[in-house]
Amino acid sequence: MKEMVRIQKEDFSMDEEVKKVMASSKSIGGVATFLGTARDISKGKDIELLSFEHYHGMAEKKLSELRDEMMDSYDIIELSIIHRVGEIKPGENIVLIVAAARHRAAAFDACEACIDELKRVVPIWKKETTTDGDYWVEEHP
Amino acid sequence: MKIRLRLFANLKELAGTEALDLEMKEGDDVEALISTISSELPALREILEKRAVFISVNQEMAKDKDTLSEGDEVGLLPPFSGG
């Protein structure tokens with residue numbers, strides 16, 4: 001589905017993305033969203049900036065495969081995944097998952113599984129610039 | 001045969017480059033390439049020995065015994081931290 005999976009530098013509007021998903025079908029009865037945002041603290045250190053790097057090409061492909069897998073595994077009607085890259089300040093948006101289904105349970109389940117799986121399979125890396133130095137993050141809680 | 005190596009995140013910084021071409025023999029596999037990378041880029045040796053990286057070939061996850069071909073793009077991928 002065109003534009004349902006995107007990696008971009010620009011910020012996104014949650015309202016617009018939900019509307020886009022809602023426009024795909026009148027059978028939608030529930031929409032679950034996950035919005036990941038940048039914290040201002042990590043392991044006791046103040047964060048000044050996050051920098052996200054991705055493997056261009058592979059990351060888009062893995063995100064698209066992830067969407068296909070979720071569409072096959074859950075009883076959902078539409079799913080969109082948007083991940084930002086580049087520099088992101090505390091308080092800003094990082095990632096948005098929008099899962100739409102006939103009933104809420106499938107939407108919740110798909111949304112949670114999608115973000116868990118994204119962290120595991122999509123080649124994106126986060127660097128934290130803190131008051132104490134720069135660190136590449138290697139775990140995904 | 002020529003293999004294009006791509007490096008990301010901390011590996012790119014450790015190696016001081018984001019890409020380089022490596023000359024390998026016909027029939028060489030991923031394991032052989034890792035050994036070559038350890039020699040060519042000593043800064044990565046410790047991480048490679050610990051196998052604390054994923055390897056991709058032409059943007060798909062690869063295994064040690066996968067055979068490489070001329071012009072393959074191999075990615076050295078640290079653990080992902082998106083989301």
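Tutor: Let's start with A:Ala38, which counts as partly exposed because it has 19 C-beta neighbours inside 10 Å; the cut-off for buried is 20 or more. Keep in mind that this is a predicted model. A:Ala38 sits in the loop between strand E2 (30-37) and strand E3 (41-42) of chain A. Setting aside anything within four places in sequence, its contacts are A:Leu50, A:Ile88, A:Lys89, A:Pro90, A:Gly91, A:Glu92 and A:Ile94. For a sense of what lies elsewhere, take A:Arg102: 64 residues separate it from A:Ala38 in sequence, and the two C-alpha atoms are 31 Å apart in space.

A:Gly91 belongs to the loop between strand E6 (86-88) and strand E7 (93-101) of chain A, so with A:Ala38 in the loop between E2 and E3, here we have one loop residue touching another. Beyond its neighbours within four places in sequence, A:Gly91 is in contact with A:Thr37 and A:Ala38. What is the burial state of A:Gly91, buried or exposed? It counts as exposed, because it has 9 C-beta neighbours inside 10 Å. As for A:Gly36, 55 residues away along the chain, its C-alpha atom is 9.9 Å from that of A:Gly91.

The C-alpha atoms of A:Arg84 and A:Ile94 are separated by 5.3 Å, although the two are 10 residues apart along the chain. A:Arg84 lies in strand E5 (residues 76-84) of chain A. With 25 C-beta neighbours inside 10 Å, A:Arg84 counts as buried. Leaving out the neighbours within four places in sequence, A:Arg84 contacts A:Gln8, A:Lys9, A:Asp11, A:Phe52, A:Asn93 and A:Ile94.

A:Phe52, from that list of contacts, falls in strand E4 (residues 45-54) of chain A, and so does A:Lys45. A:Lys45 has 15 C-beta neighbours inside 10 Å and therefore counts as partly exposed. Again ignoring residues within four places in sequence, A:Lys45 has A:Thr130, A:Thr131 and A:Asp132 as its contacts. A:Pro123 is 78 residues from A:Lys45 in sequence and 25 Å away in space, C-alpha to C-alpha.

Now for the helices of chain A. Helix H2 (residues 58-73) has 16 residues, which at 1.5 Å a residue should span 22 Å; its end C-alpha atoms are 22 Å apart, so the two agree. Buried residues in H2(A) are A:Met58, A:Ala59, A:Lys62, A:Leu63, A:Leu66, A:Arg67 and A:Met70. Two packed helices are described by the angle between their axes and the distance between the axes. For H2(A) and helix H3 (residues 104-121) of chain A, the angle is about 150° and the axes are 10 Å apart. That angle makes H2(A) roughly antiparallel to H3(A), since angles over 145 degrees count that way. The crossing of H2(A) past H3(A) is right-handed. On the H2(A) side the contact uses A:Lys62, A:Leu66 and A:Met70, while H3(A) brings A:Ala110, A:Ala113, A:Cys114, A:Glu117, A:Leu118 and A:Val121. By type, the residues of this contact split into seven nonpolar, no polar and two charged.

What about chain B? The contact between the chains takes 22 residues from chain A and 13 residues from chain B. On the side of chain B that touches chain A, helix H1 (9-15) and strand E5 (73-77) of chain B each supply at least two residues. That side of chain B comprises six nonpolar, seven polar and no charged residues.

B:Arg51 is not a glycine, yet its phi is positive, at about 55°. You'll find B:Arg51 in the loop between helix H3 (45-50) and strand E3 (54-57) of chain B, and it counts as exposed, with 10 C-beta neighbours inside 10 Å. B:Gln59, likewise other than glycine, has a positive phi near 70°. B:Gln59 lies in the loop between E3 and strand E4 (60-61) of chain B, and its 19 C-beta neighbours inside 10 Å make it count as partly exposed.

Conventions
Residues numbered from 1 in each chain as written. Chains lettered and ligands numbered in written order. Predicted model: local features only at pLDDT ≥ 70, side-chain atom pairs only at ≥ 80, totals over all residues. Helix = DSSP H or I, 4+ residues; strand = E, 2+ residues; numbered from the N terminus. Expected span 1.5 Å × (residues − 1). Buried ≥ 20, exposed ≤ 12 C-beta atoms within 10 Å, placed from the backbone. Contact = placed C-beta atoms within 7 Å. Nonpolar A, V, L, I, M, F, W, Y, C, P; charged D, E, K, R; others polar. Axes fitted to C-alpha atoms, helices over the stretch in contact; angles between N-to-C directions. Parallel < 35°, antiparallel > 145°, perpendicular 65-115°, else oblique. Left-handed = near helix turned anticlockwise from the far one by under 90°.
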